[in-house]
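Please work through the exercises below with the sequence and the model in view. Each task is followed by a solution in steps.

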Amino acid sequence: MSEQINQEYQKEKNENETFLRKSRENAAAYEWQPDTADEDQVRESSAEYAYHRQGEYTLDDYYALPDDRRAELIDGVIYDMAAPALDHQTMVFQIVRQLDEYIDAHGGSCVPFASPVDVQLDCDDQTMVQPDVVLLCDRKKAAGRCIYGAPDLVMEILSSSTSRRDQTLKLNKYRDAGVREYWIIDLKQKRVIVHDFEHKSHPAIYGMDVPIPVRIYDGKCQIRFDRFFARMEMLNSGGEAGGQKEKDIG
């Protein structure tokens, strides 16, 4: 009897080892090694992605990502997104604030959004982007869970992990999808590149020392960056002046 038990145990052990070996081989076969130019792309090493390759992902995979994981899906490829730095978030807030103030003052109907907001850019199941700033004028595209289709204005703030993608891949995607205007904001160089797709004009390059006109408002709305630099100066000083002011207000 003991010999029979040993034989059954050995048989089960061998089957388990075979199963584990094949699982590891399958995982290795589907593992994606990132190119040095796109190190922010998701590496396919977890079991839940063992049967997909980059370029084959869909919205089902995108929505299956953990809630605390920021990512974009572009043409079936998943890209990881690092948490934004403080200067990045400060810039986003100041831009959205100025857009909102202009719209309120002039009774406009467009709505500004700050990331994270999902944009199903191509209205298909292979692309979902999260621009830093979005201005939506066709409110029928507000689908509840996301913006369905191309917004009117998109702004991206460059970072080391997204710079190349924002200036090449996403630029072409926004243009082809029907975005009217696209701003690329470079904090390091203190400049803004404005692509006016609607009028098919050449890109305009501005320094941050001057107000920059929003083309879809015929330049009547202008984004100023002095507020941004004032906030960053306060943060870099250690917040002492800001803390004192909060005490005075309270």
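The model is predicted: local features need pLDDT of at least 70, side-chain atom pairs count only at pLDDT 80 or more, and totals for chains, interfaces and linings use all residues. Residues are numbered from 1 along each chain as its sequence is written, and side-chain values use heavy atoms, with hydrogens and water left out.

**Exercise 1. Describe the order of the strands in the open sheet and identify its edges.**

Solution. 
- Step 1: The chain has 7 helices and 12 strands; these are DSSP runs numbered from the N terminus, helices being H or I with at least four residues and strands E with at least two.
- Step 2: The order of the 6 strands in the open sheet is 3-5-7-8-9-10, with mixed pairing. Two strands pair if DSSP finds at least two bridges between them.
- Step 3: Strand 3 (111-114) and strand 10 (204-207) each have a single partner strand, so one side of each is left without a neighbour in the sheet.
- Step 4: On average, neighbouring strands of this sheet are turned by 15° against each other, direction ignored. Axes are lines fitted to C-alpha atoms, for helices over the stretch in contact, and angles run from 0 to 180 degrees between N-to-C directions.
- Step 5: Helix 3 (residues 86-105) packs on the sheet and touches strand 3, strand 5 (133-136), strand 7 and strand 8; the direction of helix 3 makes about 170° with that of strand 3.

**Exercise 2. Follow the pairing from strand 7 to strand 10, stating the sense of each pair.**

Solution. 
- Step 1: Strand 7 (residues 153-157) pairs with strand 8 (residues 181-186) in the parallel sense over 5 bridges. L153 has E181 as its bridge partner in strand 8.
- Step 2: Strand 8 and strand 9 are antiparallel, over 6 bridges; Y182 has H195 as its bridge partner in strand 9.
- Step 3: These two strands form a hairpin with 4 residues between them, and K190 in the turn has a positive phi of about 55°.
- Step 4: Strand 9 and strand 10 run antiparallel and are joined by 4 bridges. I193 stands opposite I205 in strand 10.
- Step 5: In strand 9 (residues 191-196), 5 of the 6 residues are buried, that is, under 20% relative accessible area; exposed is over 50%, and partly exposed lies in between (1.4 Å probe, protein chains only).

**Exercise 3. Characterise the surroundings of R224.**

Solution. 
- Step 1: The loop between strand 12 (222-223) and helix 6 (226-236) holds R224.
- Step 2: With a relative accessible area of 45%, R224 is partly exposed.
- Step 3: Leaving aside neighbours within four places in sequence, R224 is in contact with Q98 and P211.

Note on methods:
Contact means heavy atoms within 4.5 Å.
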